[in-house]
Amino acid sequence: MLNLLRRRPAPVPLIRAALGAPLHTSENRPGYIVLVPEIGEEGTLGEGVLKPDGLPAFSDITIEMCLGAIGQQASAVEKSVKALESDLQGGRQLDAAGIFRELDAVTGPLETTWGVGKALYLGNSTLIPTKSYMNIHERARNARAAKFCNPTVYKALQEATFVAGADEQRLRQKFLLEGKLNGLTLDKDKQDGLKELLTHLGRERASFKNKVNMAVHSFGHVVADFNLVRDFPPALLEATAVDSSQPLEGPWKITLQPQVVDGFLKHCPERLQRWNVWRANVLKASSQQSKALETSTHLEKIRGLRQRQANLLGYANFAEMSMQTKMVGSVDNLKQIFAKLLKFSGPAQSVELEKLQTFAQDSGCDYKLEAYDVAYWRRKQLAAEHGLQEQKLSEFFPLPRVLSGMFALSEKLFGIQIVEQPKAEVWHPAVKFYDVFDADSSNSSTPVGGFYVDCYSKEHKFGRNNGWMVGIRNSNRTAGLTPLCALIFNFSEPPQGSPESRPPLLCYDDLQMVFKTFGSGLQHLLTQAGYSDLAGLSNIEWDASQVSGHVMSNFLDDPTVIRSLSGHFSTGEPLEAGLSQKMRLLKTQLAGYNLCQDLYLADLDVELHRSNAFWLQIVRKLWPVYHCMPLDKMDAHPCSLTDIFAGDWAAAQFSHLYSRLIAADISSSFAEQRSEDNYAAVGRRYKQTFLSSGGSVPTAEVFRRFQGRDPSGEALLKSLDIFVPSQTTDSN
């Protein structure tokens with residue numbers, strides 16, 4: 001039988017555990033062929049997974065142990081729900097608080113083992129291979145869904161005339177919404193129809209994803225000329241080199257992995273080469289690339305099935321159904337926000353592209369810029385006009401210094417203390433564990449939670465670093481559990497024993513990613529919500545689920561914070577003050593252009609899920625609204641939008657942008673007076689509202705408690721330097 005091995009992992013796909021996702025079907029995942037035991041339901045509950053101190057026993061955990069624990073704990077949850085159902089049918093008087101505590105107590109251990117599995121899967125897929133993790137994931141998810149899909153519990157909560165306590169009322173709302181979205185209000189025939197429809201939808205989504213994956217891997221453009229890759233950053237060189245151990249030797253294979261495409265368009269100096277890769281990217285999974293791999297048919301079937309799903313559940317269209325789990329509330333509200341942001345980003349985009357065209361011409365460019373030219377000339381403009389060369393800047397941001405600086409900033413902001421515990425068991429020697437103490441806690445000498453940091457989880461990055469905040473367990477007062485999470489990154493591990501080895505050096509995008517990941521971790525750890533289903537990021541509306549991450553990353557707009565994080569990897573010298581002032585340009589350069597791209601994709605997603613028109617008609621209608629550059633007549637980009645058509649972001653793509661909008665408004669309170677005292681005062685207020693509330697209070701109300709008003713898009717526009725006061729905002 002397989003036991004756990006100690007080596008670094010192979011690449012694994014991102015787990016996208018969308019909060020509260022209704023009625024999603026399982027996806028096929030490529031992975032290891034591995035013999036594992038059946039998920040068992042006998043034995044001591046979760047034996048061996050946790051140590052007596054409550055932390056995972058990572059030194060001893062095996063695949064068999066995780067599978068066995070999940071089976072036992074999932075069975076316990078399902079039996080508890082069945083017992084509750086029997087009691088209610090037998091006339092038991094409903095006590096909502098008691099029911100919720102009972103369910104919390106039995107689901108706590110399940111969620112902990114599930115979280116351990118997630119951390120090991122992302123941290124080292126040798127420890128929990130793909131097939132094993134998917135067994136754990138499906139078993140745990142199905143068991144957890146049992147409490148939300150039980151008709152007897154749903155009916156009892158629906159008929160309850162009195163529910164004491166704000167947390168219990170909030171949980172009741174969650175149960176009722178989950179029940180409705182899972183079809184509990186339908187009669188038997190319609191429930192059967194919904195189940196059949198979702199099975200069909202799952203097959204179409206899987207086909208869409210598989211074909212896009214095949215289309216991505218069917219393209220391989222080999223480059224032999226070093227001059228075409230000379231400006232590639234080291235990670236991109238390594239990811240594209242045919243022999244990754246000799247990234248400077250070549251040849252280099254350019255694939256359609258998104259990060260490789262982005263990096264190639266940004267750094268390749270030859271326009272024809274850029275066009276070739278860009279064209280292959282926008283045509284992938286379309287009939288123009290390969291009839292066998294076209295996804296247009298699946299795309300239209302998915303849209304039709306989602307429309308039928310929404311109609312069955314009582315909604316006019318899928319977009320309207322999606323709004324039930326969103327802070328923005330309705331499509332009409334969302335469209336108003338789109339219009340207000342476009343009012344500023346549209347004109348800004350025109351001016352930005354004109355300036356970029358002028359710069360390119362002054363630099364010897366003799367052609368009109370197209371979409372595949374923008375990233376390349378933006379990089380050249382930043383270097384020539386502002387001295388911002390991302391590779392040079394990264395030398396001032398070694399990973400250990402950034403992490404220690406980020407922890408120190410958080411301690412000042414939120415009145416917490418982060419203390420490393422070197423004796424904690426971890427899944428690899430490079431992983432570190434930290435306790436978090438809260439000065440505002442009733443017992444400030446006891447940790448309120450803890451987190452692991454794994455900086456080197458992957459060997460292959462496809463040219464870009466990524467970060468995940470993995471919730472190992474939620475705060476759960478009934479089960480007596482404090483929150484645990486893991487921050488997992490995929491930076492290149494320094495060679496062991498080499499005198500020339502140096503820590504990973506972070507570019508600006510890496511800095512934002514690390515801060516964003518840690519911001520989400522803070523919301524998980526500092527929650528004060530009493531129930532697991534309301535704690536941390538649980539039950540937060542999808543379009544607010546990234547707010548805490550963006551708030552943290554917005555501190556990088558402050559040159560003082562940037563300098564405090566910096567220190568050259570060889571000398572320790574901080575970044576020059578002038579450059580720290582200019583680093584915001586890496587965010588604001590072409591901000592109008594980038595915001596228009598985001599608005600287009602968000603609006604396209606909404607329209608694809610509420611309009612009956614063919615997808616190409618919708619694209620042709622929306623494109624000129626948001627873009628200055630014309631739509632290429634061959635462009636078929638919707639055919640490869642896997643997040644929307646194969647993932648969980650259908651009619652929810654706007655959530656990424658909306659989270660940024662809310663976060664920018666929050667960050668404006670910090671930025672009004674950039675000083676340590678102001679930061680600390682606002683930080684405490686932010687901790688007492690956003691970080692502590694979790695999903696126990698609607699985000700709109702949490703925002704009002706923090707800001708004293710409703711959100712505005714003005715702060716986002718100002719943070720991007722595209723707000724023009726003379727353009728009235730009509731209460732924007």
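Over the face of which residue does arginine 271 lie, and at what distance from the ring centre? In this predicted model, the ring is that of tyrosine 367, and arginine 271 lies over its face at 3.9 Å from the ring centre.

**View 1. Charged residues over aromatic rings.** Besides arginine 271, which lies over the face of tyrosine 367, the view takes in lysine 326, which is placed over the face of tryptophan 542 at 4.8 Å from the ring centre.

**View 2. The edge-to-face pair of phenylalanine 58 and tyrosine 452.** A search of the whole structure finds 33 aromatic pairs, and among them is the pair of phenylalanine 58 with tyrosine 452, which is edge-to-face, with 5.3 Å centre to centre and 90° between the planes. Because phenylalanine 58 lies in the segment before helix H1 (63–89) and tyrosine 452 belongs to strand E5 (residues 449–454), the pair ties together parts that are 394 residues apart in sequence. Phenylalanine 58 and tyrosine 452 are both buried.

**View 3. The stacked pair of phenylalanine 344 and phenylalanine 723.** The rings of phenylalanine 344 and phenylalanine 723 are stacked, at 5.2 Å centre to centre and with 25° between the planes. This pair links distant parts of the chain, since phenylalanine 344 is in helix H12 (residues 331–362) and phenylalanine 723 is in the segment after helix H27 (714–719), 379 residues apart. Both phenylalanine 344 and phenylalanine 723 are buried.

**View 4. A cluster of linked aromatic rings.** Ring pairs join Phe414, Phe555, Phe670, Tyr679, Tyr686, Phe690, Phe703 and Phe706 into a cluster.

Key
Residues numbered from 1 in each chain as written. Predicted model: local features only at pLDDT ≥ 70, side-chain atom pairs only at ≥ 80, totals over all residues. Heavy atoms only, no water. Phe/Tyr/Trp six-rings, centres within 6.5 Å; stacked < 30°, edge-to-face > 60°. Helix = DSSP H or I, 4+ residues; strand = E, 2+ residues; numbered from the N terminus. Buried < 20%, exposed > 50% of the residue type's maximum accessible area, 1.4 Å probe, protein only. Lys NZ or Arg CZ within 6 Å of the ring centre and 35° of its normal.
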